[in-house]
Amino acid sequence: MSGKIQLRIALRNCGVIDPENILEYIARDGYMALGKVVTEMTPEETINTLKESGLRGRGGGGFPTGLKLEFASKNKSDVKYIICNADEGDPGAFMDRSILEGDPHAVLEAMAICGYAIGAQEGFIYIRAEYPLAIERLNIAIEQAYERGLIGKKLFGSDFSFDIKLKYGAGAFVCGEETALINSIEGLRGEPHFKPPYPAEKGLWNKPTTVNNVETLANIPTIINKGAKWFSSIGTKTSKGTKVFALAGNVKKVGLVEVPMGTTLREIVFDIGDGIEGGKEFKAVQTGGPSGGCIPAQFLDIPIDYESLKSIGSMMGSGGMIIMDEDTCMVDIAKYYLDFTTDESCGKCTACRIGNKRLFEILEKITNGDGEAEDLKKLKELGDIIKDTSLCGLGQTAPNPILSTMKYFYDEYEAHVFDKTCPAGICSSLTKYEIDKEKCIGCTLCAKACPVSCISGKVREPHEIEQDKCIKCGACYKACKFDAITKS
Amino acid sequence: MKKVNVIINDQKISVPANYTVLEAAKEINVEIPTLCHLNLHDLKAVNRSASCRVCVVEVEGRGTLAPSCSTYVSEDMIIKTNTPRAIKARRTMVELLLSDHPKDCLTCSKNQQCELQSLAAELGVRHIKYTGEESHYELDTSSYSIVRNLDKCVLCRRCETMCNEVQTCGILSGIDRGFETVVGPAFGLPMIDTMCTFCGQCVAVCPTAALTEASNVRQVWDEINDPDKYVVVQTAPAVRVALGEEFGMEVGTIVTGKMTAALRRLGFDQIFDTDFAADLTIVEEASEFIHRVQHGGRLPILTSCCPAWVKFFEHQFPDLLDIPSTCKSPHEMFGVVTKTYYAEKFNIDPAKIVVVSVMPCLAKKYEAARPELSTNGLQHVDYVIDTRETAKMIKEAGICFRDLPDEDFDKPLGESTGAGVIFGTTGGVIEAVLRTACDWLTGESLEAIDYHQLRGLEGIREGSVMIGDMEIKIGIAHGLGNARKLLEAIRDGKAEYHAIEIMACPGGCIGGGGQPYHKGDSEIIKKRAEAIYREDAGKTKRKSHENTDVLELYKNYLGEFYGEKAKELLHTDYTKRELI
């Protein structure tokens with residue numbers, strides 16, 4: 001079944017060709033699109049093809065790619081730049097890495113096409129240094145492409161020249177934001193600045209610049225080769241083509257999937273992913289990474305596209321998709337993402353630097369069992385203000401995991417605050433382990449497993465947990481072979 | 001400039017297309033509160049980090065609130081500055097800042113001068129809703145000039161703009177991430193171990209007490225109150241045109257007489273004038289200049305009165321150390337003269353003399369501690385207090401400054417000419433040098449001594465003066481970024497000047513890091529400059545070589561201008577320093 005649903009455009013060559021051999025890429029129509037635009041099409045026609053295709057940015061924002069190129073093309077300048085944003089940073093996401101490792105030439109070719117479209121002579125791939133294999137393969141690809149004259153001077157006998165260089169990022173999540181990324185390439189602190197001016201006007205070294213994500217670029221050669229019409233026939237009304245997702249979490253089959261826009265979450269989770277692990281119930285799916293939200297079961301059948309995900313409080317993001325089963329605590333999940341975003345905040349604006357920190361602290365208070373009714377109000381109110389006031393996308397979307405879980409799983413928040421319980425049994429401060437005296441046979445396994453020696457009892461007699469000393473690690477629960485330990 | 005029509009709070013207005021929403025709102029008297037924003041128009045220093053999010057407004061059609069300081073107007077833009085949504089967001093931003101800020105306002109050195117404090121009051125913050133962890137960092141008191149208290153930093157980044165863009169020193173920048181973000185030197189180094197020039201422009205623009213001067217008020221009181229000490233105070237020219245601001249007097253008021261009276265009432269034993277030493281500096285520097293011109297010495301000559309500038313070139317242009325004049329700065333000349341000539345003349349043990357400099361400057365604090373600026377183990381200057389510290393002492397002593405009578409400086413180190421006064425503003429030192437050098441080179445007493453072409457606030461200025469048949473080319477820069485440009489041009493052989501004046505602070509000493517806070521109003525600096533030139537114009541003697549006390553000093557003690565004794569006491573040398 002999964003074979004039918006999946007359609008590979010961005011991943012078309014991944015796992016199929018030897019990424020270190022340019023000939024294998026060429027054999028699969030590689031560099032044909034570049035040859036075509038440079039020798040047969042004007043820059044305007046190239047941009048129009050991409051506009052007509054309906055391709056939108058796959059990095060998170062979903063901005064129309066053709067339009068972005070058009071803005072940069074209209075700004076007059078002797079020097080312009082193309083940047084490939086390969087600073088993939090969402091936890092659990094590795095779409096871009098797979099493309100860079102499996103099909104690096106597709107990215108190079110697309111960058112040159114974009115360069116031709118806007119009149120840029122140079123491109124930078126901003127790649128995180130934690131991707132050594134991708135870097136190695138890109139370096140090989142760049143070298144081979146230069147050797148064959150597929151990047152460099154006077155491509156395909158034309159006057160168009162295009163160079164590509166790598167620039168390593170130090171792994172700051174915020175450097176995925178384009179203005180922060182540009183700062184970082186320039187050697188400045190990786191932090192965003194207010195837009196406008198947009199990069200299309202004043203980008204790298206104040207020159208018109210287009211920043212595109214890896215997956216976005218990987219679509220471009222195929223669009224040129226097969227035509228805008230073909231591409232726009234795939235997907236939904238507003239979102240064309242396919243999207244690569246990194247399926248992870250409590251699902252049987254994890255990994256990358258590429259599906260046409262409009263595929264439902266149910267198809268991805270239950271057909272491609274083969275359902276939830278261990279026969280448990282599906283609870284939610286988190287999309288959009290730290291900026292996204294948690295989607296409950298009631299929305300499993302909506303067709304996924306940029307707009308539909310936004311309408312239910314999440315977002316497409318770069319394609320992280322984490323499946324959660326019934327044992328997941330949604331308050332804990334929100335806290336996890338806030339922990340990530342507060343860590344990765346650049347610290348520039350007040351709303352994100354202090355606001356998101358305060359949100360995280362409230363969540364900590366709630367999961368520690370100290371939450372009050374007022375805290376729930378504060379989460380919502382402050383979350384909304386941060387969304388409204390932060391400088392960049394990171395801050396503006398950081399409260400999403402809280403706001404979406406509050407929207408769909410408010411009862412869990414209430415349980416933590418009013419009943420002082422964690423329904424999923426995840427928040428250790430709210431969890432209590434007890435030994436069922438009827439079931440305990442006194443095997444002592446639990447006492448041996450306990451790291452703080454708080455379980456006592458004689459052999460073959462029921463044991464007992466000293467609650468004051470218990471650190472709620474769950475070691476006894478896992479060790480017991482007789483289901484004699486209960487978690488509440 | 002093309003104009004665009006916008007509607008702000010239902011009022012239609014046409015404004016230039018390059019206006020921000022904040023500027024457009026000002027046109028119709030709509031005040032939008034700001035914190036991180038800073039625009040010193042004439043000095044070309046703009047901080048537009050849009051980081052505090054206090055100035056947010058609603059712009060129709062925009063999903064999120066817009067920071068008015070950095071959102072530019074566009075045709076038919078509809079803006080609302082005072083909706084409940086905007087006001088609530090604004091207040092929340094201030095509450096969030098306060099939630100990570102010490103609550104020691106009453107004992108804070110910036111109490112009643114703090115922009116965050118004023119903002120909280122204006123927005124009616126009475127309660128901090130969101131509380132949590134507060135930042136705690138070690139106080140950086142490593143330098144003689146600047147204290148960094150990161151607990152009070154609101155990350156407005158104004159200091160960075162001044163340090164990096166205006167002064168091009170690159171000492172301060174954002175480090176670490178998220179809640180742990182701080183502004184500081186690379187590798188978390190203490191200020192003393194960096195190439196900071198201690199110009200204090202970061203302090204001048206800091207809205208809170210995150211950056212303040214290293215205060216010497218207590219030490220100076222102790223010296224005054226020590227009966228064994230003979231405490232001599234000198235005051236720099238820029239102080240007298242700014243001190244009044246601290247007492248609510250109109251900007252640009254000249255308070256020389258009241259300042260002198262106040263210092264006398266504080267208990268200083270002698271009230272002298274750094275302007276006297278400025279005249280002394282001029283005769284030395286003019287002599288050195290003429291010597292270089294007549295003996296084929298290295299030109300251009302660069303002025304050396306500004307300690308921040310001296311430290312800057314020691315770090316940044318170590319290959320050009322032979323260009324600057326070797327003259328010590330005026331207050332150091334004053335210090336050495338006091339502890340030698342004056343001490344001998346009045347038979348006072350130099351070890352018992354305490355020299356206190358009242359300066360508009362924070363770098364002078366560092367300069368006073370430079371080991372080579374000492375004689376027989378005694379530093380020329382013992383303490384430097386800035387204009388703000390001086391005002392604090394006057395207030396502490398319960399002196400009604402505004403009602404004081406005008407009093408004169410003491411003799412014999414109190415006489416000064418107009419040339420000494422104009423030292424306080426950009427262009428003033430070189431103008432003072434010319435007044436003397438022209439007279440000496442022509443052998444005449446010239447009447448036309450107002451060099452208007454050298455005045456103004458343009459960052460880099462040049463002019464030429466004919467002395468006889470010789471054309472003297474002058475370059476002037478204020479602000480270290482401008483100084484860098486000028487020096488690079490010289491290094492590259494692209495600029496030819498005979499003499500160059502450089503002052504580290506934008507506007508010169510009148511805009512010094514120790515002056516009353518201008519809080520982003522560059523008009524204040526302009527008015528101080530006008531006051532300086534008014535004071536000069538009102539003087540009967542306006543050329544340094546006409547200062548009789550200075551002439552007497554040479555006659556009785558120093559001997560020749562630029563002679564052996566003068567060189568020994570009044571000149572110094574420079575040290576190559578690391579780039580870090």
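Predicted model: local features only at pLDDT ≥ 70, side-chain atom pairs only at ≥ 80, totals over all residues.
What share of the contacts in chain A with a separation of 6 or more comes from residues 24 or more positions apart? The answer is 72%, where a contact means two C-beta atoms, placed from the backbone, within 7 Å.

Residues are numbered from 1 along each chain as its sequence is written, and chains are lettered from A, with ligands numbered from 1, in the order in which they are written.

On confidence, the model has an ipTM of 0.92 and a pTM of 0.92. Chain B has an average pLDDT of 94, and 100% of its residues score at least 70; pLDDT is the predictor's confidence in each residue, from 0 to 100.

Now, chain A. It has 21 helices and 13 strands, which are DSSP runs numbered from the N terminus (helices H or I, at least four residues; strands E, at least two). Its radius of gyration is 25 Å, close to the 23 Å from the globule rule for 488 residues, so chain A is as compact as a globular protein of that length. That radius is taken over C-alpha atoms, and the rule is 2.2 Å times the number of residues to the power 0.38. The C-alpha trace spans about 85 × 45 × 40 Å along its principal axes.

Let's step inside. The largest nonpolar core holds 317 residues, and Val107(A) and Ile113(A) touch the most other members. Such a core is a set of buried Ala, Val, Leu, Ile, Met, Phe, Trp, Tyr and Cys residues joined through C-beta atoms within 7 Å. Helix H7 of chain A, residues 104–118, is its top contributor, with 11 residues. Beyond four places in sequence, the contacts of Ile113(A) include Ala33(A), Leu34(A), Ile220(A) and Ile224(A).

Finally, where do the chains meet? The contact takes 26 residues from chain A and 29 from chain B. On chain B's side, H2(B) gives the largest share, seven residues.

Conventions. Buried ≥ 20, exposed ≤ 12 C-beta atoms within 10 Å, placed from the backbone.
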